[in-house]
Amino acid sequence: MKYIGLNNKAVDAKDAVVSALDHGFLYGMGLFETFRTYGGQPFLLERHLSRMAEGCRQLGIPFEPDVQRLREWIQLVMDKNELSEAYIRYTVTAGEDILGLPSVAYKQPNHLLYIKALPFTPASLYTEGKELQLLNHRRNTPEGPVRLKSLHYMNNILAKRELAGYPSAERGAEGLMLTAQGELAEGIVSNIFFISNKRLYTPDIATGILPGITREMVLELAAASLQPEQGLYRWEQLAAADEIFLTNSVQEIVPVSTLWNGDRRVTIGSGRCGEQTAALMKLYRERTDMLI
């Protein structure tokens with residue numbers, strides 16, 4: 001990553017700095033969105049900006065979404081990094097303020113674009129699936145009514161460190177966190193779905209999970225065929241599922257072929273991508289193909 005976007009410019013990575021008094025650094029007051037391009041165009045950008053705008057409103061950070069201006073800025077930073085397709089992280093920090101906890105809204109946020117090449121994803125991932133490791137580390141509760149994609153990611157980092165201690169991590173497994181009450185929550189970087197008896201289930205936002213943009217899209221795509229339901233579910237229900245898949249904005253829809261609880265293994269379905277998951281993947285990719 002040679003160039004980073006800073007406040008609507010593209011600057012050399014070594015020169016992309018913010019103040020030590022930025023409340024994004026001091027108190028984690030800031031938000032980010034991660035998404036990718038198809039045909040060089042950011043996918044579902046309006047939805048990502050809508051989520052960020054609502055989060056900034058809750059945090060008292062001034063933010064007015066400007067889709068066209070952001071598209072132009074993304075293109076500038078992509079061009080500077082010589083990328084035709086990209087993984088993009090758009091960050092808004094609260095900006096510089098007093099040393100202490102402010103009681104009023106912020107005034108001058110900082111905007112940053114981190115853009116890099118899309119990570120390599122083998123085609124086999126979408127047919128053979130990946131493993132999902134149950135973690136002991138629990139999902140923390142959100143600071144407000146709904147989890148924001150905020151700058152304080154300690155819970156996820158601690159979960160990632162636990163995952164690294166399991167053999168499944170070497171094979172690319174995702175880690176699954178439960179709530180403090182033992183209900184299914186989400187992966188370290190993904191939302192989770194499972195299918196049983198031709199119905200689709202996913203943990204409710206009330207569990208404290210991030211309301212993912214790809215999660216939202218999948219619920220819409222599945223509405224006509226799988227009667228999606230959001231609720232409170234246990235590990236035992238997941239282990240008995242016919243199909244399981246994960247979602248995030250970069251890897252899209254990823255089937256899960258194997259569950260691990262400690263060293264106890266559960267094979268899901270045939271151990272490959274299931275029929276209903278494949279159908280949802282097809283519908284999703286029809287949407288992305290519109291940009292190519």
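1. Contact here means that heavy atoms lie within 4.5 Å. With that understood, and leaving aside its neighbours within four places in sequence, Thr 91 is in contact with Leu 31, Phe 32, Asn 110, His 111, Leu 112, Tyr 114 and Leu 151 in this predicted model.

2. Thr 91 has its place in strand β5, and because its relative accessibility is 3%, under the 20% limit, this residue counts as buried. Its side chain is also joined to the side chain of Arg 89 by a polar contact of 2.9 Å.

3. A contrasting case is Leu 99, which lies in the loop between β5 (87-93) and β6 (110-116) and, with a relative accessibility of 70%, counts as exposed. Together with Leu 21, Tyr 27 and Leu 101, Leu 99 makes a nonpolar surface patch of about 430 Å².

4. Turning to the protein as a whole, the secondary structure comes to eight helices and 15 strands, and the C-alpha atoms fill a box of roughly 55 × 45 × 35 Å when this is taken along the principal axes. The radius of gyration is 20 Å, which agrees with the value near 19 Å that a compact globule of 292 residues would have.

5. Among contacts with a separation of 6 or more, 72% are accounted for by residues 24 or more positions apart.

Methods
Residues numbered from 1 in each chain as written. Predicted model: local features only at pLDDT ≥ 70, side-chain atom pairs only at ≥ 80, totals over all residues. Heavy atoms only, no water. Patch = residues over 30% accessible without salt bridge, like charges linked within 9 Å, V, L, I, M, F, W, Y side chains within 5 Å. Areas by Shrake-Rupley, 256 points an atom, 1.4 Å probe, with all protein chains shown as cover. Salt bridge = Lys/Arg side-chain N within 4 Å of Asp/Glu carboxyl O. Helix = DSSP H or I, 4+ residues; strand = E, 2+ residues; numbered from the N terminus. Buried < 20%, exposed > 50% of the residue type's maximum accessible area, 1.4 Å probe, protein only. Polar contact = N/O pair within 3.5 Å; in protein donor to acceptor, adjacent residues only side chain to side chain. Rg over C-alpha atoms; globule rule 2.2 N^0.38 Å.
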